[in-house]
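Grab a pencil and work through these exercises with the model open beside you. Try each task before you read its solution.

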Amino acid sequence: MRVEAAILRHVEMPLKFRFRTSFGETTTKSFLLLELLSSGLSGWGECVAEEGPFYSPETVGTAGHLLERFLLPLVVGREIASPGEFEARAARVRGNRMAKAAVETALRDLFAKAAGVSLARALGGTRTSIEVGVSLGISPTAVGMVENVRKHVSEGYRRIKLKIEPGTDVERVKAVREAFPDIALTVDANAAYTLETAHLLRALDPFGLDYIEQPLHHEDLVAHAELARTLRTPICLDESIRSADDARAAITLGACRVINVKIGRVGGHGEALRIHEIATKAGVPLWCGGMLEAGVGRAQNVAVASLPGFVKPGDTSSSSRYFEEDIVTPPLEATNGLMPVPTGPGIGVEVRRDVLDKVTLSRKEFHL
Ligand code: NPG
């Protein structure tokens, strides 16, 4: 197919709540949204890079630069046979995976729409609905955290993940576990610990957590392997897994027993599929992470989470938790912890251009 044009929007949507992690706080969702046009169809990709380089080195600014200067010229005004062809053309650009994923995911949507199939099926997804959990930011008090858990358990979410940081970790997890002895519970440290503070993580072993996510520095797989040998609770890696090679290394070293896949962090669906293959062969369960995405990113997540290796509940909770009004229809909503996988062509949801226009800060068009 020939990609005739691209439209890159910078979008800003207020979040309904403050989301606090060990690396910072988010109150507004600011992101780039890419639309690729071909023969009357639009393929959509949401770039998950944030305003600041705190979760990952990429930002809205760096991704905009990469897209404009290096990545969009590889597709706009050109014939392209498959999303894989874009990956091959973009291979000489190092890193910048979130920027690449914006193009790759938009192409996946476009190709699935052209073929008249859902993106989930085009990727090899087999589920008709996916199990979802919820990720809860750090609350100022243990009582507040327990109340927040109560609210989400009553909404039917299949797993509760607590953001933690050294100092309040054991107190918060203990309070939640005492109030809810039977729920599937996990914690996410976002790399806030070191081998020196790992005794705090070992103190979480009695609470029956499903896993501890990304406890140590994102570049240190060896330290994770060392930590894993002293913990009963499995380690799940997020930030450390940027590619299929990272996944293979982490599994081989014994650095993790669970992997959180985020399409943006690994550069697109193609790389997510390669991780899926490696993890499935090794018997390592996967789940799909979240980056506070709006509707397009959320739909892309639901599609990949419909693959058979995604066996644990993901972070793609209901859109209405985050936004008053989403940019897609129907909005992706979970009922009793189950999110239906859209069956329409491509991402299976329509972008609401009226809503999108209201939240667009700037817009650039690219033609050959
Ligand atoms: O509900 O989408 C969601 C958020 C899930 O906790 C979540 N994401 O570290 O995984 C993370 C965290 C995150 C959010 C990371 C925003 C980066 C940006």
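**Exercise 1. Find the volume of the largest cavity, then describe its lining.**

Step 1. The largest cavity holds a volume of about 300 Å³. A cavity here is a set of points on a 1 Å grid over the protein atoms alone where a 1.4 Å probe fits but cannot get out, and lining residues have an atom within 4 Å of a point. Grid points are joined across faces, edges and corners, and the volume is the space filled by probe spheres set on the points.

Before going on, a word on the model: it is predicted, so local features need pLDDT of at least 70 and side-chain atom pairs count only at pLDDT 80 or more, while totals for chains, interfaces and linings use all residues. Residues are numbered from 1 along each chain as its sequence is written, and side-chain values use heavy atoms, with hydrogens and water left out.

Step 2. Helices (H or I, at least four residues) and strands (E, at least two) are DSSP runs, numbered from the N terminus.

Step 3. Sort the lining of the largest cavity by class and you get eight nonpolar, seven polar and twelve charged residues. Ala, Val, Leu, Ile, Met, Phe, Trp, Tyr, Cys and Pro count as nonpolar, Asp, Glu, Lys and Arg as charged, and the others, Gly among them, as polar.

**Exercise 2. Which helix gives the most to the lining of the second largest cavity?**

Step 1. This cavity holds about 130 Å³ of space. Among its 16 lining residues, Glu46, Val48, Ile263, Gly264 and Asn301 are closest to the centre.

Step 2. List the elements with at least two residues in the lining: strand 3 (41–47), helix 3 (97–115), helix 10 (263–266) and helix 12 (295–305).

Step 3. Helix 3 comes out on top, with four residues.

**Exercise 3. How do helix 9 and helix 11 pack?**

Step 1. Helix 9 (244–253) and helix 11 (269–282) meet at an angle of about 20°, with axes 8 Å apart. Axes are lines fitted to C-alpha atoms, for helices over the stretch in contact, and angles run from 0 to 180 degrees between N-to-C directions.

Step 2. That angle makes helix 9 roughly parallel to helix 11, a label for angles under 35 degrees.

**Exercise 4. Which residues does a cis peptide bond join?**

Step 1. Thr329 and Pro330 are the pair, with omega about -10°.

Step 2. Pro330 sits in the loop between strand 12 (328–329) and strand 13 (338–340).

Terms used. On a 1 Å grid over the protein atoms alone, a cavity is a set of points where a 1.4 Å probe fits but cannot get out, and a pocket is an open set with protein on both sides within 12 Å along at least five of seven lines; lining residues have an atom within 4 Å of a point. Angles under 35 degrees count as roughly parallel, over 145 as roughly antiparallel, 65 to 115 as roughly perpendicular and the rest as oblique.
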